[in-house]
Amino acid sequence: MKKVTLIISCSVFFLMLICTVIILATVNSPEITSQTAAFTSSESISENTPQSIIESIPENISETEPAHETGEEWAYFIVNSKYPLPADYDKQIILEKIYKDFSLDSRCAGKARELIAAAEKDGITLVVISAYRSFQKQRENFDDYIDRLIYEGYDREEAAKITASQIALPGESEHNAGVSIDVINKDWYKTHDDITDDFENTAEFEWLYENSWKFGFILRYHKDKSDITGFDYEPWHYRYVGEAKAKLIYDSGLTLDEYYELNER
């Protein structure tokens, strides 16, 4: 009886050993390893790849842009008459103060404060005169400017046309999205009644143009590009697009509109 028991025990032991060897050989099989690796790249998909695996692979997995990696993709969009904001967009924004009573979308407010502080450190005092605006405030600005031009002698049709080249309708302004700031210097209104293109001749403009991109902001409406942007030149208007995109756009020398059309179509 003891001899039979010993034989059975040995048989079980050898059977388990054989199973272990088979399992290890299967796990380390070059064929299985290569199939697993193939499933990790969208370029390796074949007609034999299970549908469940195909659906789990992100599109353009090898073309992920820097902005996606830094979580800034939310700020890369166009706002104008062609691409208006959703009707309730301004009510969804979480605002955060950046300068006195002016606010921006909380996701870029910190960068705006950093920009202002960096300028101050370099001896440049920036004064924010506009940031986030509600749709209602945008409408008021638009209508008030028309009335102002009519008072100055323009007829209503001409006044409306001029206004449309300088002030966007509600939902068509970047200010409504909380991603843009208008900036001047501290002494501007001592010599000017309004903000004008002359701002490009100031030290503040020079600093902004050369450094704003480091904080994710770009000059939005370039000189001699109104036919592309839809707005007159505004050397005081800076738009947040994220640091990665800001550098690419700054280096390209293009407007946001041109860069967007070239890269997103």
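**Aromatic rings and their surroundings**

Q: Is Phe217 buried or exposed?
A: Buried means under 20% relative accessible area, exposed means over 50%, and partly exposed lies in between, with a 1.4 Å probe and protein chains only. Because Phe217 has 0% relative accessibility, Phe217 counts as buried. This is a predicted model, in which local features need pLDDT of at least 70, side-chain atom pairs count only at pLDDT 80 or more, and totals for chains, interfaces and linings use all residues. Residues are numbered from 1 along each chain as its sequence is written, and side-chain values use heavy atoms, with hydrogens and water left out. The state asked for is therefore buried.

Q: What kind of aromatic pair do Phe217 and Tyr240 form?
A: Rings of Phe, Tyr and Trp (its six-membered ring) pair if their centres lie within 6.5 Å, and planes under 30 degrees apart count as stacked, over 60 as edge-to-face and the rest as tilted. With 5.3 Å centre to centre and 65° between the planes, the pair of Phe217 and Tyr240 is edge-to-face.

Q: Is Ser212 buried or exposed?
A: Ser212 touches Leu115, Trp207, Phe217, Ile218 and Tyr238, not counting residues up to four places away in sequence, where contact means heavy atoms within 4.5 Å. Because its relative accessible area is 2%, Ser212 is buried.

Q: Which kind of pair do the rings of Tyr221 and Phe231 form?
A: Tyr221 is buried, and so is Phe231. Their ring centres are 5.1 Å apart and their planes lie at 45°, so the pair is tilted.
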